[in-house]
Amino acid sequence: MERKEKMMNVLIHVILVLVSITMLVPFLWMALTAFKSVTESTSVDPFVIFPSIWRTENFTEVINNMDFFHLYLNTILLIAGRVICAVLTATMAGYAFARLNFPGKGLMFSLVMFQMMVPGQIFIIPQYLMVSKMNALDTIFALIFPGLVTAFGTFLLRQSYMGLPRDLEEAARLDGCNIGQTFLYIMAPLTRSGMVALGIFTAVFAYKDLMWPLICNNTVMPLSAALAKMQGQYTNNYPQLMAASLLACIPMIILYLIFQRQFIEGIATSGGKL
(Lines give C-alpha, C1' and ligand atoms only; values in the text may rest on other atoms or scores of the structure.)
Protein backbone atom coordinates (compact mmCIF):
# COMPACT_ATOMS: atom_id res chain seq x y z
CA MET A 1 0.00 0.00 0.00
CA GLU A 2 2.82 2.41 0.90
CA ARG A 3 4.60 1.57 -2.35
CA LYS A 4 1.47 2.36 -4.34
CA GLU A 5 1.12 5.70 -2.51
CA LYS A 6 4.76 6.56 -3.23
CA MET A 7 4.33 5.72 -6.90
CA MET A 8 1.20 7.86 -7.03
CA ASN A 9 3.02 10.79 -5.39
CA VAL A 10 5.90 10.47 -7.86
CA LEU A 11 3.46 10.39 -10.76
CA ILE A 12 1.61 13.45 -9.47
CA HIS A 13 4.87 15.39 -9.05
CA VAL A 14 6.04 14.44 -12.53
CA ILE A 15 2.74 15.66 -14.00
CA LEU A 16 2.95 18.92 -12.04
CA VAL A 17 6.54 19.50 -13.19
CA LEU A 18 5.57 18.89 -16.83
CA VAL A 19 2.60 21.23 -16.56
CA SER A 20 4.81 23.89 -14.93
CA ILE A 21 7.37 23.60 -17.73
CA THR A 22 4.58 23.89 -20.30
CA MET A 23 3.33 27.08 -18.66
CA LEU A 24 6.86 28.54 -18.63
CA VAL A 25 7.44 27.91 -22.36
CA PRO A 26 5.69 31.12 -23.60
CA PHE A 27 7.66 33.27 -21.15
CA LEU A 28 10.94 31.59 -22.09
CA TRP A 29 10.13 31.99 -25.79
CA MET A 30 9.47 35.69 -25.22
CA ALA A 31 12.73 36.15 -23.32
CA LEU A 32 14.82 34.30 -25.93
CA THR A 33 13.19 36.09 -28.87
CA ALA A 34 14.03 39.46 -27.28
CA PHE A 35 17.74 38.70 -27.84
CA LYS A 36 17.38 37.40 -31.42
CA SER A 37 17.57 39.13 -34.78
CA VAL A 38 14.49 39.56 -36.95
CA THR A 39 15.67 36.76 -39.25
CA GLU A 40 16.12 34.33 -36.37
CA SER A 41 12.79 35.24 -34.81
CA THR A 42 10.90 34.44 -38.02
CA SER A 43 12.86 31.31 -38.88
CA VAL A 44 10.81 28.16 -39.48
CA ASP A 45 13.69 25.97 -38.31
CA PRO A 46 12.38 24.33 -35.11
CA PHE A 47 15.93 23.88 -33.82
CA VAL A 48 16.65 27.63 -33.73
CA ILE A 49 15.82 28.07 -30.06
CA PHE A 50 18.72 30.09 -28.70
CA PRO A 51 20.04 33.18 -30.49
CA SER A 52 23.36 32.79 -32.28
CA ILE A 53 24.46 36.12 -30.80
CA TRP A 54 22.82 37.58 -27.71
CA ARG A 55 21.78 41.05 -28.87
CA THR A 56 20.85 43.82 -26.47
CA GLU A 57 20.13 46.47 -29.10
CA ASN A 58 16.47 45.43 -29.14
CA PHE A 59 16.10 46.69 -25.57
CA THR A 60 18.10 49.83 -26.35
CA GLU A 61 15.96 50.72 -29.36
CA VAL A 62 12.71 50.05 -27.51
CA ILE A 63 13.76 52.19 -24.54
CA ASN A 64 14.87 55.00 -26.86
CA ASN A 65 11.70 54.90 -28.98
CA MET A 66 9.19 54.45 -26.15
CA ASP A 67 8.90 56.59 -23.01
CA PHE A 68 8.89 53.70 -20.56
CA PHE A 69 9.06 55.98 -17.52
CA HIS A 70 5.66 57.49 -18.32
CA LEU A 71 4.28 54.11 -19.40
CA TYR A 72 5.30 52.62 -16.05
CA LEU A 73 3.88 55.64 -14.22
CA ASN A 74 0.56 55.47 -16.09
CA THR A 75 0.27 51.75 -15.41
CA ILE A 76 1.05 52.13 -11.70
CA LEU A 77 -1.47 54.97 -11.35
CA LEU A 78 -4.06 52.91 -13.23
CA ILE A 79 -3.57 49.88 -10.98
CA ALA A 80 -3.43 51.92 -7.76
CA GLY A 81 -6.50 53.98 -8.65
CA ARG A 82 -8.63 51.00 -9.58
CA VAL A 83 -7.56 48.94 -6.57
CA ILE A 84 -8.27 51.74 -4.08
CA CYS A 85 -11.65 52.61 -5.62
CA ALA A 86 -12.71 48.98 -6.01
CA VAL A 87 -11.81 48.01 -2.44
CA LEU A 88 -13.47 51.09 -0.91
CA THR A 89 -16.73 50.91 -2.83
CA ALA A 90 -17.01 47.11 -2.75
CA THR A 91 -16.34 46.98 1.00
CA MET A 92 -19.12 49.45 1.80
CA ALA A 93 -21.58 48.04 -0.73
CA GLY A 94 -20.84 44.46 0.31
CA TYR A 95 -21.49 45.31 3.96
CA ALA A 96 -24.76 47.07 3.08
CA PHE A 97 -26.06 44.15 1.03
CA ALA A 98 -24.95 41.55 3.59
CA ARG A 99 -25.90 43.17 6.89
CA LEU A 100 -28.34 46.06 6.43
CA ASN A 101 -32.03 46.05 5.57
CA PHE A 102 -33.30 48.87 3.38
CA PRO A 103 -36.04 49.33 0.75
CA GLY A 104 -35.14 47.95 -2.67
CA LYS A 105 -32.24 45.86 -1.38
CA GLY A 106 -33.20 42.79 -3.43
CA LEU A 107 -33.71 44.80 -6.62
CA MET A 108 -30.43 46.64 -6.26
CA PHE A 109 -28.48 43.44 -5.64
CA SER A 110 -30.20 41.89 -8.67
CA LEU A 111 -28.85 44.79 -10.75
CA VAL A 112 -25.37 44.08 -9.41
CA MET A 113 -25.68 40.42 -10.37
CA PHE A 114 -27.03 41.42 -13.78
CA GLN A 115 -23.92 43.50 -14.36
CA MET A 116 -21.79 40.42 -13.65
CA MET A 117 -23.74 38.29 -16.12
CA VAL A 118 -23.46 40.56 -19.18
CA PRO A 119 -20.23 41.18 -21.16
CA GLY A 120 -18.27 44.21 -20.06
CA GLN A 121 -18.07 45.49 -23.65
CA ILE A 122 -21.74 46.50 -23.39
CA PHE A 123 -20.80 49.32 -21.00
CA ILE A 124 -17.99 50.76 -23.14
CA ILE A 125 -20.15 53.23 -25.10
CA PRO A 126 -22.00 54.61 -22.01
CA GLN A 127 -18.71 54.88 -20.12
CA TYR A 128 -17.05 56.66 -23.05
CA LEU A 129 -19.93 59.15 -23.30
CA MET A 130 -19.75 59.82 -19.55
CA VAL A 131 -16.00 60.44 -19.64
CA SER A 132 -16.39 62.61 -22.75
CA LYS A 133 -19.09 64.74 -21.07
CA MET A 134 -16.71 65.30 -18.15
CA ASN A 135 -13.94 66.40 -20.59
CA ALA A 136 -11.72 63.73 -19.07
CA LEU A 137 -10.62 61.88 -22.20
CA ASP A 138 -6.90 61.16 -22.53
CA THR A 139 -6.30 61.43 -18.78
CA ILE A 140 -5.41 59.08 -15.94
CA PHE A 141 -8.95 59.48 -14.60
CA ALA A 142 -10.30 58.11 -17.89
CA LEU A 143 -8.22 54.96 -17.39
CA ILE A 144 -9.44 54.53 -13.81
CA PHE A 145 -13.11 55.39 -14.50
CA PRO A 146 -14.43 51.86 -15.35
CA GLY A 147 -12.95 50.57 -12.10
CA LEU A 148 -14.58 53.10 -9.76
CA VAL A 149 -17.14 50.44 -8.81
CA THR A 150 -17.04 46.69 -9.30
CA ALA A 151 -19.93 44.25 -9.31
CA PHE A 152 -17.60 41.30 -8.80
CA GLY A 153 -15.98 42.99 -5.81
CA THR A 154 -19.36 43.81 -4.28
CA PHE A 155 -20.42 40.17 -4.57
CA LEU A 156 -17.09 38.91 -3.22
CA LEU A 157 -17.12 41.19 -0.16
CA ARG A 158 -20.82 40.49 0.44
CA GLN A 159 -20.00 36.80 0.72
CA SER A 160 -17.16 37.61 3.14
CA TYR A 161 -19.46 39.64 5.40
CA MET A 162 -22.18 36.98 5.30
CA GLY A 163 -19.68 34.47 6.66
CA LEU A 164 -19.18 36.47 9.85
CA PRO A 165 -21.34 35.73 12.95
CA ARG A 166 -24.04 38.25 13.85
CA ASP A 167 -23.00 38.09 17.50
CA LEU A 168 -20.19 40.50 16.68
CA GLU A 169 -22.63 43.21 15.60
CA GLU A 170 -24.86 42.62 18.60
CA ALA A 171 -21.91 42.90 20.96
CA ALA A 172 -20.78 46.12 19.27
CA ARG A 173 -24.30 47.54 19.52
CA LEU A 174 -24.42 46.75 23.25
CA ASP A 175 -21.11 48.58 23.65
CA GLY A 176 -22.67 51.69 22.10
CA CYS A 177 -21.33 51.48 18.55
CA ASN A 178 -23.43 52.86 15.73
CA ILE A 179 -23.55 51.32 12.22
CA GLY A 180 -20.54 53.28 11.00
CA GLN A 181 -18.38 52.35 13.97
CA THR A 182 -19.44 48.71 13.79
CA PHE A 183 -18.51 48.59 10.11
CA LEU A 184 -15.23 50.48 10.44
CA TYR A 185 -13.81 49.00 13.64
CA ILE A 186 -15.40 45.54 13.92
CA MET A 187 -16.56 44.11 10.60
CA ALA A 188 -14.22 45.59 7.96
CA PRO A 189 -10.95 44.41 9.61
CA LEU A 190 -12.30 40.84 9.69
CA THR A 191 -12.68 40.78 5.88
CA ARG A 192 -9.05 41.70 5.19
CA SER A 193 -8.45 38.48 3.26
CA GLY A 194 -11.39 39.25 0.97
CA MET A 195 -10.08 42.77 0.40
CA VAL A 196 -6.63 41.41 -0.45
CA ALA A 197 -8.14 38.93 -2.90
CA LEU A 198 -10.20 41.70 -4.52
CA GLY A 199 -7.11 43.92 -4.74
CA ILE A 200 -5.18 41.12 -6.44
CA PHE A 201 -7.92 40.43 -8.99
CA THR A 202 -8.39 44.15 -9.68
CA ALA A 203 -4.65 44.76 -10.12
CA VAL A 204 -4.27 41.90 -12.59
CA PHE A 205 -7.38 42.88 -14.57
CA ALA A 206 -6.27 46.53 -14.69
CA TYR A 207 -2.75 45.60 -15.78
CA LYS A 208 -3.95 43.56 -18.75
CA ASP A 209 -6.84 45.84 -19.75
CA LEU A 210 -6.39 46.68 -23.43
CA MET A 211 -9.63 47.72 -25.13
CA TRP A 212 -10.65 50.60 -22.85
CA PRO A 213 -7.24 52.41 -22.87
CA LEU A 214 -7.14 52.23 -26.68
CA ILE A 215 -10.64 53.74 -26.88
CA CYS A 216 -10.45 56.56 -24.33
CA ASN A 217 -6.82 57.68 -24.60
CA ASN A 218 -4.42 58.55 -27.39
CA THR A 219 -1.33 59.73 -25.52
CA VAL A 220 -1.77 58.81 -21.83
CA MET A 221 -1.43 55.04 -22.24
CA PRO A 222 -0.54 52.12 -19.98
CA LEU A 223 1.87 49.40 -21.01
CA SER A 224 -0.73 47.10 -22.58
CA ALA A 225 -1.99 49.75 -25.01
CA ALA A 226 1.54 50.91 -25.88
CA LEU A 227 2.53 47.34 -26.77
CA ALA A 228 -0.52 47.01 -29.00
CA LYS A 229 0.53 50.16 -30.84
CA MET A 230 3.86 48.51 -31.70
CA GLN A 231 2.21 45.91 -33.92
CA GLY A 232 2.27 46.79 -37.60
CA GLN A 233 -0.44 46.12 -40.14
CA TYR A 234 1.66 43.85 -42.34
CA THR A 235 4.94 43.19 -40.53
CA ASN A 236 6.14 43.03 -36.94
CA ASN A 237 9.57 43.42 -35.43
CA TYR A 238 9.18 40.48 -33.08
CA PRO A 239 12.50 40.89 -31.19
CA GLN A 240 11.66 44.49 -30.28
CA LEU A 241 8.07 43.55 -29.46
CA MET A 242 9.25 40.77 -27.16
CA ALA A 243 11.85 43.06 -25.58
CA ALA A 244 9.11 45.61 -24.82
CA SER A 245 6.88 42.83 -23.47
CA LEU A 246 9.68 41.64 -21.21
CA LEU A 247 10.16 45.18 -19.88
CA ALA A 248 6.40 45.46 -19.42
CA CYS A 249 6.42 42.43 -17.09
CA ILE A 250 8.67 44.18 -14.60
CA PRO A 251 5.93 46.03 -12.60
CA MET A 252 3.88 42.89 -11.97
CA ILE A 253 6.97 40.84 -11.12
CA ILE A 254 8.04 43.47 -8.56
CA LEU A 255 4.49 43.69 -7.23
CA TYR A 256 4.35 39.92 -6.79
CA LEU A 257 7.74 39.76 -5.07
CA ILE A 258 6.74 42.48 -2.60
CA PHE A 259 3.26 41.11 -1.83
CA GLN A 260 3.95 37.41 -2.39
CA ARG A 261 2.60 36.30 1.00
CA GLN A 262 -0.56 38.41 0.71
CA PHE A 263 -0.99 37.25 -2.88
CA ILE A 264 -1.00 33.56 -1.92
CA GLU A 265 -3.14 34.08 1.20
CA GLY A 266 -5.70 36.14 -0.68
CA ILE A 267 -6.12 33.63 -3.50
CA ALA A 268 -6.20 30.66 -1.11
CA THR A 269 -8.72 32.29 1.21
CA SER A 270 -11.05 33.47 -1.54
CA GLY A 271 -11.00 30.09 -3.24
CA GLY A 272 -10.65 31.82 -6.59
CA LYS A 273 -8.14 31.62 -9.39
CA LEU A 274 -6.76 34.04 -11.93
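Visitor: Which residues does Phe59 touch, not counting residues up to four places away in sequence?

Guide: This is a predicted model, in which local features need pLDDT of at least 70, side-chain atom pairs count only at pLDDT 80 or more, and totals for chains, interfaces and linings use all residues. Residues are numbered from 1 along each chain as its sequence is written, and side-chain values use heavy atoms, leaving out hydrogens and water. Contact means heavy atoms within 4.5 Å. With neighbours up to four places away in sequence left out, Phe59 touches Ala34, Phe35, Ala243, Leu246 and Leu247.

Visitor: Against which helices do the buried residues of α6 pack?

Guide: In α6 (residues 124-133), Ile124, Gln127 and Val131 are buried. Their directions from the helix axis to the C-beta atoms fall within an arc of 70°, so the buried residues line one face of the helix. On the other side of α6, Ile125 and Lys133 are exposed. The buried residues pack against α7 (140-144) and α12 (211-216).

Visitor: Is the pair of Phe201 and Phe205 stacked or tilted?

Guide: Rings of Phe, Tyr and Trp (its six-membered ring) pair if their centres lie within 6.5 Å; planes under 30 degrees apart count as stacked, over 60 as edge-to-face and the rest as tilted. Phe201 and Phe205 are four residues apart in helix α11 (residues 192-207), about one helical turn. Phe201 is buried at 5% relative accessible area, while Phe205 is partly exposed at 44%. Their ring centres are 6.3 Å apart and their planes are at 15°, so the pair is stacked.

Visitor: Over the ring of which residue does the charged end of Arg158 sit?

Guide: A charge sits over a ring if NZ of Lys or CZ of Arg is within 6 Å of the ring centre and within 35 degrees of the ring normal. The charged end of Arg158 is 4.2 Å from the centre of the ring it sits over, that of Phe109.

Notes
Buried < 20%, exposed > 50% of the residue type's maximum accessible area, 1.4 Å probe, protein only. Helix = DSSP H or I, 4+ residues; strand = E, 2+ residues; numbered from the N terminus.
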